[in-house]
Amino acid sequence: MKFIQPSKALAHVDRLVDWRRGYTPAPVTVEWDLSNRCVLGCESCHFAHTHSRGPWVTGGRVLPMAFDGTGDLADPVLVKRALREMHHAGVKAIVWSGGGEPTTHPQWLEIARYAHGLGLEQGMYTLGGLLTQESAAELRQLAKWVVVSLDCPDAASYALEKHVPIERFDHACNGLRWLSGGTAVIGASFLVHAGNWRRMGQMLDLARSLGTTYTTFRPTIDTSPATPTVCAADRRWITDAEQTLRWWSGEPDVELDVDRFMAYRDWRGRSYDVCKGIQLHTTVTPDGRVWACPQKRGVNGAQVGDLRRQSFSELWRLHPRQVTDFSTCRVMCRLHLLNEQIATLDKPWLHEAFV
């Protein structure tokens, strides 16, 4: 079974049809940044510019044009109120993500308990290393899934790529180990690039030894925040790695979309003219603002509304419906594959009455 499927959009055709009819149904998924703090300085971090504390704040980083800042820690009172409103509006799931690292928020577990009590499904992307045995045991019962971003098969490469002390690797592995054994699906995530693709077997062995449900491999997308539409790295390594990628994609506990790697290697821009993925998915930052998409966190003009001043239903009625300006959108952005699926649904067909 594959857990990562852009074709999930087909399960929500009713909402897409409502958008086409002029309504503004609630998004299916809300991605929420509880914190902009992070204890890692990952070289491939796409949201280093949002961090309010951590290695990236003291190190050099490039801020996107017209970036406004998105806060530090979310207000738990505001989060709980907005969660109630979202649940009432028809939101199905919350992803605790970043931005920063969600588990740096002092009340992240209390908030997760509250969302669970409302009946909202939950997922989390985390570095794993800040989990305790107790908090991991509770999270694995509250969440539908948790993905730990490991990225490296050993302590030395982890410390080098993430600019942290070498012991942080063991902390991350312990967090992943403690998450196993509950009801949640547990994934280990590895970003693959020219320097590590030959070590994918070691990565998979590590993830399996820690009790994961599955291991996901994705290409490291290299762009600059100042020029997100331009690939910043040589991608010819993907041609060399293709046979290896196809080999590992056949493993039943591996999530690896070879076509995604090929699309990045051959990137020539988007095949669609309109982003409608924002209709099914939205992003909230720690300051309580709601953004059209994850990529546009903090970008002036991309704000849908502000939960500090509006209810979720009030601000969602102001939704822009679609985006056609991709000048600040990253290569292979978070909603790219979803948009390809929606574009297929919107495609005009000859003799469409004959099926």
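1. A charge is taken to sit over a ring if NZ of Lys or CZ of Arg is within 6 Å of the ring centre and within 35 degrees of the ring normal. Arg235 lies over the face of Tyr264, at 5.7 Å from the ring centre. The charged end of Arg270 is likewise placed over the ring of Phe326, 5.1 Å from its centre.

2. The model is predicted: local features need pLDDT of at least 70 and side-chain atom pairs count only at pLDDT 80 or more, while totals for chains, interfaces and linings use all residues. Residues are numbered from 1 along each chain as its sequence is written, and side-chain values use heavy atoms, with hydrogens and water left out.

3. Eight aromatic pairs are counted, where rings of Phe, Tyr and Trp (its six-membered ring) pair if their centres lie within 6.5 Å, planes under 30 degrees apart being stacked, over 60 edge-to-face and the rest tilted. Trp19 and Trp316 form an edge-to-face pair, 6.3 Å centre to centre with 75° between the planes. Trp19 belongs to helix H1 (residues 13-20) and Trp316 to helix H11, so the pair ties together parts that are 297 residues apart in sequence. Helices (H or I, at least four residues) and strands (E, at least two) are DSSP runs, numbered from the N terminus.

4. Ring pairs link Trp19, Phe312 and Trp316 into a cluster. Phe312 is found in helix H11 (residues 312-316) and is buried, at a relative accessible area of 1%; buried means under 20%, exposed over 50%, and partly exposed in between (1.4 Å probe, protein chains only). Trp19 is buried at 3%, and Trp316 is buried at 3%.

5. Trp32 and Trp96 form a tilted pair, with 6.1 Å between centres and 45° between the planes. Trp32 in strand E1 (residues 29-33) and Trp96 in strand E2 (residues 93-97) are 64 residues apart. Trp32 and Trp96 are both buried.

6. There are 19 salt bridges in the structure, each a side-chain nitrogen of Lys or Arg within 4 Å of a carboxyl oxygen of Asp or Glu. One of them joins Arg37 and Asp72 (2.7 Å, N to O). Arg37 is buried at 17% relative accessibility, whereas Asp72 is partly exposed at 27%.

7. Lys276 forms a salt bridge with Asp346, the closest N and O atoms being 3.0 Å apart. Lys276 lies in the loop between helix H10 (258-265) and strand E8 (281-284) and Asp346 in helix H12 (residues 336-346), so the pair ties together parts 70 residues apart in sequence.
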